[in-house]
Amino acid sequence: MNQNGSASFNIASVIGSGPIRWLILGGAQLDDLEVVQRDLIAFMRDNGIATAENYRRRMSSADIHAMLKSKMDALSNVGSLNVFDADGALINSSGALPLPQASIADRDYFNIFKSSPYSPDMMVAPVVSRVSGNW
């Protein structure tokens, strides 16, 4: 993946609670992003985050913002780590606060994740970030 790519991960099948998704924007190696994915999934499992409501409440908190920033520090090639809710609204980010109003609800990958229980665990595509405005 190049620096302009976006890797979007589907975690609904992992925690079994409907369309819960998160998105990583940037150009890191996919292996690096998968490590972050596994860490966040383990965190959600360990903390009993199993519904879209719990996900939104917990993953939008200040301590998750700090966690995303610390993970970001370890990934020099990533633009940002962004978390979106089941409706595609940005709920947290490794970037500066306050969060901009941003949505990925109309993105093809989001709709595939939301509508299909058979969607892949990850999709990679170059997109213009709704958060930063960058490729």
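The face of helix α4 that is turned away from its buried side carries A62 and D73, both of them exposed; here buried means under 20% relative accessible area, exposed over 50%, and partly exposed in between, with a 1.4 Å probe and protein chains only. The structure is a predicted model, in which local features need pLDDT of at least 70 and side-chain atom pairs count only at pLDDT 80 or more, whereas totals for chains, interfaces and linings use all residues. Residues are numbered from 1 along each chain as its sequence is written, and side-chain values use heavy atoms, with hydrogens and water left out.

The protein chain contains five helices and five strands, where helices (H or I, at least four residues) and strands (E, at least two) are DSSP runs numbered from the N terminus. Read from the N terminus on, the elements follow the order β-α-β-α-α-α-β-β-α-β. Of the 135 residues in the protein chain, 44% are buried, and the accessible surface amounts to about 6,800 Å², with 50% belonging to carbon and sulfur atoms; accessible areas come from the Shrake-Rupley method with a 1.4 Å probe, and for residues only the protein chains shown count as cover. Among contacts between residues at least 6 apart in sequence, 59% join residues at least 24 apart, a contact being defined by heavy atoms within 4.5 Å.

Confidence is expressed as pLDDT, the predictor's confidence in each residue, from 0 to 100. The mean pLDDT of the protein chain is 75, and 75% of its residues reach 70 or more. Confidence is lowest in helix α1 (residues 12-15), at a mean of 40, and highest in strand β4 (residues 90-93), at 92. The value stays under 50 over residues 1-6, for which the model has 27 contacts beyond four places in sequence, and also over residues 11-28, for which the model has 86 such contacts. Where pLDDT is low, the predicted coordinates should not be read in detail.

Helix α4 (residues 62-73) has 12 residues and reaches 17 Å from its first C-alpha to its last, close to the 16 Å expected at 1.5 Å a residue, the expected span being 1.5 Å times one less than the number of residues. The buried residues of α4 are I64, H65, M67, L68, K71 and M72. They cover an arc of only 160° around the axis, which puts them on the same side of α4; the arc is that of the directions from the helix axis to the C-beta atoms. Within this helix, M67 is buried with a relative accessible area of 18%, and, leaving aside neighbours within four places in sequence, M67 is in contact with L40 and F43. The C-alpha atoms of M67 and S93, which are 26 residues apart along the chain, are separated by 9.7 Å.

Strand β3 (residues 80-84) is largely enclosed by the rest of the structure, because five of its five residues are buried. S80, N82 and F84 point one way from β3, while L81 and V83 point the other way. In a regular strand the side chains alternate between the two faces of the sheet. Strands β3 and β4 run antiparallel and are joined by three bridges, two strands being taken to pair if DSSP finds at least two bridges between them. In this pairing, V83 has N92 of β4 as its bridge partner, and N82 stands opposite S93 in β4. The hairpin of β3 and β4 has five residues between the strands, and in this hairpin G88 takes a positive phi near 90°.

The loop between β4 and α5 includes S94, which counts as buried at 7% relative accessibility. Apart from its neighbours within four places in sequence, S94 is in contact with H65, L68, K69, M72, S80 and L81. P98 is placed in the loop between β4 and α5 as well, and a cis peptide bond, with omega about 0°, joins L97 and P98. Most residues other than glycine have a negative phi, and most peptide bonds are trans.

In helix α5 (residues 108-115), the buried residues are Y109, F110 and F113. Seen down the axis of α5, these residues fall within an arc of 100°, so they line one face of the helix. On the other side of α5, D108 and S115 are exposed.
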